[in-house]
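Subject: Structure for you to look at

Hello,

Here is the structure I said I would pass on. My notes on it follow below.

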Amino acid sequence: MSLFHAKIEGVPQFVSYFPAVHRAMQHFEGQTTPKQVYAFIAEHEGLTAEDMAHKNKNGGPTFENRAAWARFYMTKAGWMYAPKHGVWALTEQGKQAAELSQEQAVAMFKSVATKLKGHEEDVSVPEDVQPETAQYWFVGAMWDEGDQMPRFLQEGIWQNGYEHKFSDLVHSMKPGDRIAIKATYVRKHNLPFDNKGVPISGIKSRP
């Protein structure tokens with residue numbers, strides 16, 4: 001049977017796509033684009049031309065939307081993340097997991113809190129998906145060599161500017177955690193309060 005018509009009893013149809021998305025991600029060694037995931041599923045999960053041409057109420061491809069919702073829930077559950085815009089990736093948990101069973105897919109679906117349960121298929125998937133356990137970090141990008149933010153943005157990374165300082169905190173960061181880059185400065189004039197002529201340290205968030 002084509003994945004397009006597969007249905008696990010008691011849950012929305014896109015939950016059947018969880019194992020297929022996981023297989024596709026493992027095929028691409030844990031990181032690839034949504035387009036490649038869709039192509040892999042279409043080729044290996046028995047989808048016909050009619051299946052691929054089917055549109056949902058929003059006019060988008062139904063099977064792609066189902067796969068994207070599967071990725072949404074897998075990200076919320078800590079199995080996937082987005083290293084940068086337009087790229088899907090498996091976390092270590094997702095990489096090390098064996099074949100995802102239907103029972104695991106149902107349990108994963110039920111473990112994620114969302115207001116949309118049962119009505120996802122006709123709604124566009126949010127692009128910015130964060131795991132429910134994601135942490136948020138306030139970090140710097142200014143080293144002795146200069147501002148590292150352009151390089152971080154280009155490479156989709158962040159690095160600690162110290163060799164040993166804060167290493168325990170840095171090692172506790174997980175794929176999918178969010179960071180805000182800040183810049184520190186000192187201001188003496190034009191402050192919104194009376195600083196009595198004393199230089200005041202401040203922090204400015206980076207866009």
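Asp-51 touches Ser-2, Phe-4, His-5 and Gly-46, leaving aside residues up to four places away in sequence. With Ser-2 there is a polar contact between the side chains, at 2.9 Å. Please keep in mind that this is a predicted model. Asp-51 sits in helix α3, which covers residues 49–53. The residue is buried but has no salt bridge. The nearest side chain of opposite charge belongs to Arg-66, 7.5 Å away, whereas a salt bridge needs the atoms to be within 4 Å.

The next item is helix α4, residues 62–76. From first C-alpha to last, its 15 residues reach 21 Å, close to the 21 Å expected. Of those 15 residues, 13 are buried, so α4 is largely enclosed by the rest of the structure. After α4 comes Gly-78, with a positive phi near 90°.

On aromatics, the whole structure contains eleven aromatic pairs. One of them is Tyr-73 with Phe-109: the ring centres are 5.1 Å apart and the planes are at 40°, so this pair counts as tilted. It connects distant parts of the chain, since Tyr-73 is in helix α4 and Phe-109 is in helix α6 (residues 102–111), 36 residues apart. Tyr-73 and Phe-109 are both buried. These two also belong to a cluster linked by ring pairs, together with Phe-14, Phe-18, Trp-69 and Phe-72.

Regards

Terms used:
Residues are numbered from 1 along each chain as its sequence is written. This is a predicted model: local features need pLDDT of at least 70, side-chain atom pairs count only at pLDDT 80 or more; totals for chains, interfaces and linings use all residues. Side-chain values use heavy atoms; hydrogens and water are left out. Helices (H or I, at least four residues) and strands (E, at least two) are DSSP runs, numbered from the N terminus. Buried means under 20% relative accessible area, exposed over 50%, partly exposed in between (1.4 Å probe, protein chains only). Lys and Arg count as positive and Asp and Glu as negative; His and the chain ends are not counted. A polar contact is a pair of N or O atoms within 3.5 Å; within protein, one must be able to donate a hydrogen and the other to accept it, and residues adjacent in sequence count only if both atoms are side-chain atoms. Contact means heavy atoms within 4.5 Å. The expected span of a helix is 1.5 Å times one less than its number of residues. Rings of Phe, Tyr and Trp (its six-membered ring) pair if their centres lie within 6.5 Å; planes under 30 degrees apart count as stacked, over 60 as edge-to-face and the rest as tilted.
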